[in-house]
Amino acid sequence: MSCLECRNISKAFGQVRALSDVTMEAKGGEVLALLGGNGSGKSTISKIIGGIYKKDSGQVLLNGREIHVFSPRAAKKERIIVTSQELSLMNNFNVAQNVCMCIIPTKNGWIDQKSVKDNAKKILERIGLKGYENRTIDSLQENEKYLVEFAKAIIMEPRVLILDEITSALYK
């Protein structure tokens, strides 16, 4: 069974037809790349799946069940996570706080800073940023900032992870 399926998705912005009858399928554990020039609809389909844009027609199915994601919050409830080519990091937070921003651990109603650091540390080690938890965002190289953005996505344990051009800035 497919993990994610888009059937006959169409989207227009006024007179501009961004997507016309797009169908695609991604099976569980599969890594796919959408390739195309600027304006070909790659970001538009990603934003529809992630609840940022509303589709004009078509269906989005997750594990064979039609889902209706009208906001990024609704997508996150389905564990669909979309990263954007625009960074969403907070410069006044350290790396660990940025990584855990979307799933903040609490203890007795307060932010559990130890859990924030521990949770972020595990993810950061997996992606090659061991020891970065306390670093400031401003101290990072551009590619490291994108890795932190990636860590923010994978810490949420997505069923579907869409990386919208995040890899264009990754280098070591």
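These legends describe close-up views of a predicted model. Residues are numbered from 1 along each chain as its sequence is written, and side-chain values use heavy atoms, leaving out hydrogens and water. Because the model is predicted, local features need pLDDT of at least 70 and side-chain atom pairs count only at pLDDT 80 or more, while totals for chains, interfaces and linings use all residues.

**View A. The largest nonpolar core holds 22 residues.** A nonpolar core is a set of buried Ala, Val, Leu, Ile, Met, Phe, Trp, Tyr and Cys residues joined through side-chain atoms within 4.5 Å. Buried means under 20% relative accessible area, with exposed over 50% and partly exposed in between (1.4 Å probe, protein chains only). Look for Val 95, Val 99, Leu 124, Ile 127, Leu 129 and Val 148, which have the most contacts inside this core. Two or more residues come from each of α3 (95–99), α4 (113–126) and α5 (142–154), and α5 gives the largest share, five. Helices here are DSSP runs (H or I, at least four residues), numbered from the N terminus.

**View B. Val 95 and its contacts.** Setting aside neighbours within four places in sequence, Val 95 is in contact (heavy atoms within 4.5 Å) with Leu 124, Tyr 132, Glu 133, Arg 135, Ile 137, Leu 140 and Val 148.

**View C. Another core, of 17 residues, lies apart from the largest one.** Its members include Ile 9, Ala 26, Ile 48 and Leu 62.

**View D. Cysteines without disulfides.** The whole structure has zero disulfides (pairs of cysteine sulfur atoms within 2.5 Å). For Cys 6, the nearest cysteine sulfur, that of Cys 3, is 11 Å away. Cys 6 is buried, at 0% relative accessible area.
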